Amino acid sequence: MTTVDLGTIRRLVSVTVDDVEHRVPEGATIMDVLDSAGADTPRLCQAPNLTPVNACRVCVVEVEGSRPLVPSCARRVEDGMVVRTDTDRVAHSRRMVLELLGSANDMSQAGDDVARWSIEYGADPERYGPVGPPAAAGERGNRHAGHHSAPDGETRATVAQPVTVDNDLYVRDYARCILCYKCVEACGTDAQNTFAIAVAGRGFDATISTEFAVPLPDSACVYCGNCIGVCPTGALKSVAEHERREAGVWDPEGETVTSTICSFCGVGCTLELHVQDNTIVNVTSPHDHSVTHGHLCIKGRFGFQHVQNVAPPRDR
Amino acid sequence: MFGAGGGTSAYQEVEDTDLVLLWGSNARETHPIYFHHVLQGLRKGAQLYVVDPRRTTTARWARGHLPLDVGTDIALAHAMGRVILDAGLENRAFIERATTGFDEYVRAVEPWTLERAQQVTGVDAGLIRETALAYARADRAQLCWTLGITEHHNAVDNVRALIDLALLTGHVGRWGSGLVPLRGQNNVQGGGDMGAIPNKLPGGYDVADDEHRGRFERAWGSTVPAVKGLHLSQMFEAMERREVRAVYVVGENPAESEADVAHARALLTGLDHLVVQDIFRTATAELADVVLPSCADWCEYEGTVTSSERRVQRVRKALDPPGEARPDTWILHEMARRLGHDWGQPSAEEVWDELRSLSLDWHAGMSYARLEAEGGLQWPCPGLDHPGTPTMHTRLWERDPALRGAPAPFAPVEHAGPLDELSAEFPLRLTTVRRLDSYNSGVQTGGYASPLRRDEALCVDPADAEALGIRDGERVRMVSRRGAVEAPVRFDPAARPGLAFITPHFSEQVDVNLITNEAWDPQSGTSEFKATAIRIEKLDVGSRTAAAETRVPVAGS
């Protein structure tokens with residue numbers, strides 16, 4: 001008897017979005033319908049190669065018969081479902097998510113989409129006052145529930161803190177972390193199954209942390225970098241990118257991206273080599289390829305120094 | 001297998017299977033992204049069994065880990081076959097329709113009772129039985145292997161014994177059931193497919209096949225020898241006999257990667273002429289008369305590579321190569337021109353299109369445009385309208401004998417332990433292994449800063465070390481029948497009493513191939529890297545071995 005169910009053929013169901021009817025395969029998410037209809041639905045914690053975790057709530061929609069707003073990334077369609085995206089309630093909720101994240105986090109490397117959505121929904125983080133003082137290095141990662149003091153009301157709360165650089169391959173810039181869980185998912189059951197990181201703490205003190213907040217080299221981390229690959233805000237990035245940004249020579253406009261195949265084993269992972277100034281600055285993989293689903297190992301993502309025409313960071 | 005040298009299944013199939021049997025494979029570390037697919041299968045309910053002498057990170061995911069003694073794979077496979085036959089779980093319909101040689105196979109496995117197998121392999125009889133029954137009872141099962149099967153003096157026999165298990169149970173040629181050799185380099189599969197095998201032409205045609213060889217001869221306007229050429233191990237033997245006096249090495253580092261490497265270096269040094277074409281000044285290049293600097297083709301030139309699921313994919317130029325480095329094909333064409341054959345300088349696509357015009361069954365349908373648009377294609381892909389072939393040998397399940405084609409033969413192979421036998425003088429089994437963050441002789445991975453990397457060490461079980469009065473971290477001498485090298489000892493939970501291991505990644509630290517056995521498989525030419533008999537000696541304070549002086553400079557160090 002088989003233990004692994006290969007599933008059955010999916011039928012089509014009818015879904016109405018903003019008064020327009022769509023026929024889609026059962027099992028599709030509302031976001032699948034919105035995407036195929038060409039809607040510009042904001043998203044932060046959603047990725048096509050990860051299981052939805054409903055963390056950011058920026059993709060919410062109204063569903064007839066549902067009292068709370070519904071995260072479109074996770075909710076599967078049902079036959080006869082009626083969805084509205086054009087209501088004040090949806091717009092207000094999306095604005096608040098973008099505004100509150102923008103007030104506490106550095107969203108400056110979150111990409112053009114986030115910048116566009118912030119304008120579109122009128123997010124104004126400045127209305128919460130000037131940014132409060134940053135935490136000292138390591139402080140936020142070691143807070144205990146209930147041990148933080150109440151805000152003074154003069155400044156807005158922030159997750160600002162120094163960048164964590166504790167290894168040669170990647171940095172953790174948690175002033176940019178919006179707790180979208182993507183890195184945790186990629187490190188966990190969605191891809192790598194290493195479980196080196198998880199969300200620790202509660203409420204505003206919650207952080208992405210290794211076990212007991214130890215440095216990465218003391219953790220279970222195997223440096224596949226799949227957390228970097230899914231991070232939407234630049235909180236996790238390669239040392240190569242971090243150093244170039246710090247040195248003021250980061251040049252995304254001059255970057256070329258070339259697809260090739262990794263040379264380090266016979267699996268044949270597609271690599272996208274991000275090259276600036278004839279130097280590889282990042283390696284990613286397309287999420288829609290059947291071999292990698294966007295995920296790589298340490299050799300594929302970082303093992304390119306032998307073709308670089310500049311010395312590695314440690315030798316400079 | 002069955003006439004086509006390639007795995008039978010797409011990676012995706014391991015997510016849709018009921019049972020995964022990884023044999024001589026530490027895929028978690030050596031094929032991490034394939035193991036992602038395995039893990040998806042496990043999350044859906046598949047069972048994993050791992051056959052490996054070591055307690056690897058792969059084995060930790062297994063429902064059953066069969067820690068066999070190195071080189072007893074055929075004994076284990078045959079015992080499993082016997083269990084399956086005794087339980088009446090063989091797939092009679094498949095065997096009768098699609099195979100030959102079943103009776104001989106039954107006779108070959110007959111002596112392998114569980115008791116005898118436990119004695120020879122060291123694996124618990126109950127675990128062998130459980131694994132065999134689980135494999136036979138699964139609706140779909142994937143059997144994958146790596147160098148743990150092939151780096152032995154009887155590599156091909158080992159593989160045949162595994163194929164026998166698949167034939168016995170019908171676990172081949174169906175979605176989710178198949179045989180997958182996980183290749184160690186991005187183009188091991190493609191190199192063979194392109195004819196870099198002594199008896200094959202590009203596309204898998206045999207050199208002795210007059211009809212197909214004739215097509216190649218007409219296309220190339222020259223005569224192709226109809227006799228099998230030499231494989232690497234035979235080349236070294238021919239060097240020894242002084243029949244081969246000039247060698248042209250392309251992208252290989254035999255002065256570090258060969259077993260019994262001191263011997264290999266002596267032979268390379270004694271040649272009349274040695275040409276090395278490589279992206280680095282490797283240890284082999286240091287011995288060369290001429291060094292031709294080439295591009296790293298995976299990122300500095302154009303072309304294709306073929307993966308373990310027979311998927312042909314494009315590599316592309318992302319970087320300008322350094323200095324005088326040139327693409328391998330440019331160098332070869334320039335070499336031809338200077339030898340009096342002006343082939344011009346065709347583009348990578350033009351070279352590929354010539355291949356497509358000759359490899360009719362496998363590659364004819366794989367235009368560059370399709371490879372680009374479809375994310376690669378899996379051979380056989382005989383026409384532009386053919387979708388490629390994720391699952392091979394489905395023909396074996398056809399009801400119509402004409403469609404079913406040639407039956408797949410069982411191979412009644414015999415168990416034969418490692419040639420480098422354990423003895424009172426050499427009581428410890430040394431095997432070579434790979435680590436997640438490093439690659440082969442370290443030429444390419446030595447350059448990047450891996451936080452996982454530690455200095456090379458001889459990894460042993462604490463019990464073996466303590467019996468010799470050796471501490472964790474102590475520097476020792478390991479001695480085989482061929483030589484001796486020094487290394488620090490590390491206590492490692494993946495080892496077990498009687499079994500030590502080391503990697504080939506850091507020959508500048510520990511030149512382990514000075515002591516490995518060059519005895520090779522007569523069918524594949526692969527040396528017995530996995531099974532060396534050694535002893536460990538304590539060092540006198542301040543002593544030095546002669547072996548240390550035979551080191552040659554290496555790249556990437």
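Which loop of chain A holds A:Y181? In this predicted model, A:Y181 lies in the loop between β6 (170-172) and α4 (182-187) of chain A. The phi angle of A:Y181 is near 75 degrees, a positive value in a residue that is not glycine.

B:R242 sits in the loop between α12 (232-240) and β7 (246-250) of chain B. With 11 C-beta neighbours inside 10 Å, B:R242 counts as exposed.

Another backbone feature deserves a remark. The peptide bond joining B:W379 and B:P380 is cis, with omega about 0 degrees. B:P380 belongs to the loop between β12 (377-378) and α20 (401-404) of chain B.

I turn now to the contact between the chains. Chain A contributes 48 residues and chain B contributes 55 residues. On the side of chain A that touches chain B, β10 (256-261), β11 (270-276) and α7 (298-302) of chain A each supply at least two residues. Of the elements on this side, β10(A) gives the most, with 4 residues. By class, the residues on this side of chain A are 24 nonpolar, 21 polar and 3 charged.

Next, the open sheet of chain B. Its 5 strands are arranged in the order β3-β2-β1-β5-β6, with parallel pairing. At the edges stand β3 (64-66) and β6 (178-181) of chain B; each has a single partner strand, so one side of each is left without a neighbour in the sheet. From one strand to the next, the twist averages 15 degrees. Strand β5 (residues 141-145) of chain B is joined to β6(B) by 4 bridges, and the two run parallel. Within that pairing, B:Q142 has B:G178 in β6(B) as its bridge partner. Helix α7 (residues 125-137) of chain B lies across β1 (19-23), β2 (47-51), β3 and β5 of chain B, and runs at about 120 degrees to β3(B).

Helix packing in chain B brings us to α3(B), which I shall describe with two partners. How do α3(B) and α6(B) run relative to each other, parallel or antiparallel? Helix α3 (residues 73-86) and helix α6 (residues 114-121) of chain B pack at an angle of about 160 degrees, with their axes 9 Å apart. The two helices are therefore roughly antiparallel, since angles over 145 degrees are counted that way. The crossing is left-handed. From α3(B), residues B:A75, B:L76, B:A79 and B:V83 meet B:L114, B:A117, B:V120 and B:T121 of α6(B). This contact has 7 nonpolar residues, 1 polar residue and no charged residues.

B:H78, B:G81, B:R82 and B:L85 in α3(B) meet B:V106, B:A108 and B:V109 in α5(B). The classes in this contact are 4 nonpolar, 2 polar and 1 charged.

Finally, a word on strand β17 (residues 484-491) of chain B, in which B:A484 lies. B:A484 has 17 C-beta neighbours inside 10 Å and so counts as partly exposed. The C-alpha atoms of B:A484 and B:E537 are separated by 9.9 Å, although these residues are 53 residues apart along the chain.

Note on methods. Residues numbered from 1 in each chain as written. Chains lettered and ligands numbered in written order. Predicted model: local features only at pLDDT ≥ 70, side-chain atom pairs only at ≥ 80, totals over all residues. Contact = placed C-beta atoms within 7 Å. Nonpolar A, V, L, I, M, F, W, Y, C, P; charged D, E, K, R; others polar. Axes fitted to C-alpha atoms, helices over the stretch in contact; angles between N-to-C directions. Parallel < 35°, antiparallel > 145°, perpendicular 65-115°, else oblique. Left-handed = near helix turned anticlockwise from the far one by under 90°. Buried ≥ 20, exposed ≤ 12 C-beta atoms within 10 Å, placed from the backbone. Pairing = 2+ DSSP bridges.
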